Amino acid sequence: MQIEEVARLIVDCSYKVHKTLGPGLLEKIYESCLCYELERAGCEVKRQIPVPIQYGDLRFDEGYRLDLLVEGNVICEIKAVDKHNPVWDAQLLSYMKLKNCRLGFLINFNVPLVKNGIRRKVL
């Protein structure tokens, strides 16, 4: 599947989940439902992927997990919050660098209009 097709499916499925559930639920619920919709659309989706950090000879395996990895090359970080924190953009970009992914989405479902909760990042 081409990366732009994957991107379109992520946005379409995010709209579907938000339209069905609305805002105000837990992040885990949105993550599960988005994963379900993406798999129904034919995407391979992995959840809660560990992100090891290599620094010289040091390796850190603990602590960091990305929410969804779609088709092995697009990262989705899911939020359900009232207010955006810019550190999440930086975190997504770091995950993208560490996993060698060129495209990522930060999706906040706790908004009246999901289009205002979707942030696309490209390396």
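Helix H3 (residues 86-99) lies across S1, S4, S5, S6 and S7, running at about 150° to S5. Here H means a DSSP helix run (H or I, at least four residues) and S a strand run (E, at least two), numbered from the N terminus. Contact means heavy atoms within 4.5 Å, and angles run from 0 to 180 degrees between N-to-C directions of axes fitted to C-alpha atoms, for helices over the stretch in contact.

This is a predicted model, where local features need pLDDT of at least 70, side-chain atom pairs count only at pLDDT 80 or more, and totals for chains, interfaces and linings use all residues. Residues are numbered from 1 along each chain as its sequence is written, and side-chain values use heavy atoms, leaving out hydrogens and water.

**The sheet**
- Look for an open sheet of 5 strands in the order S1-S4-S5-S6-S7, with mixed pairing; two strands pair if DSSP finds at least two bridges between them.
- At the edges sit S1 (45-50) and S7 (118-122), each pairing on one side only.
- From one strand to the next, the twist averages 25°.
- S5 (residues 74-79) and S6 (residues 103-108) pair in the parallel sense over 6 bridges, and Ile75 has Gly104 in S6 as its bridge partner.
- H1 packs on the sheet, touching S4 (65-70), S5, S6 and S7, and its direction makes about 5° with that of S6.

**Two helices that cross**
- The axes of H1 (residues 3-21) and H2 (residues 27-40) come within 9 Å and cross at roughly 130°.
- H1 and H2 are therefore oblique to each other (angles under 35 degrees count as roughly parallel, over 145 as roughly antiparallel, 65 to 115 as roughly perpendicular and the rest as oblique).
- Residues of H1, including Leu9, Cys13 and Val17, meet residues of H2, among them Tyr30, Cys33 and Leu38.

**Aromatic pairs**
- The structure holds 2 aromatic pairs (ring centres of Phe, Tyr or Trp, its six-membered ring, within 6.5 Å; planes under 30 degrees apart are stacked, over 60 edge-to-face and the rest tilted).
- One of them is the stacked pair of Tyr30 and Phe109, at 4.7 Å centre to centre with 5° between the planes.
- This pair links distant parts of the chain, since Tyr30 is in H2 and Phe109 is in the loop between S6 and S7, 79 residues apart.
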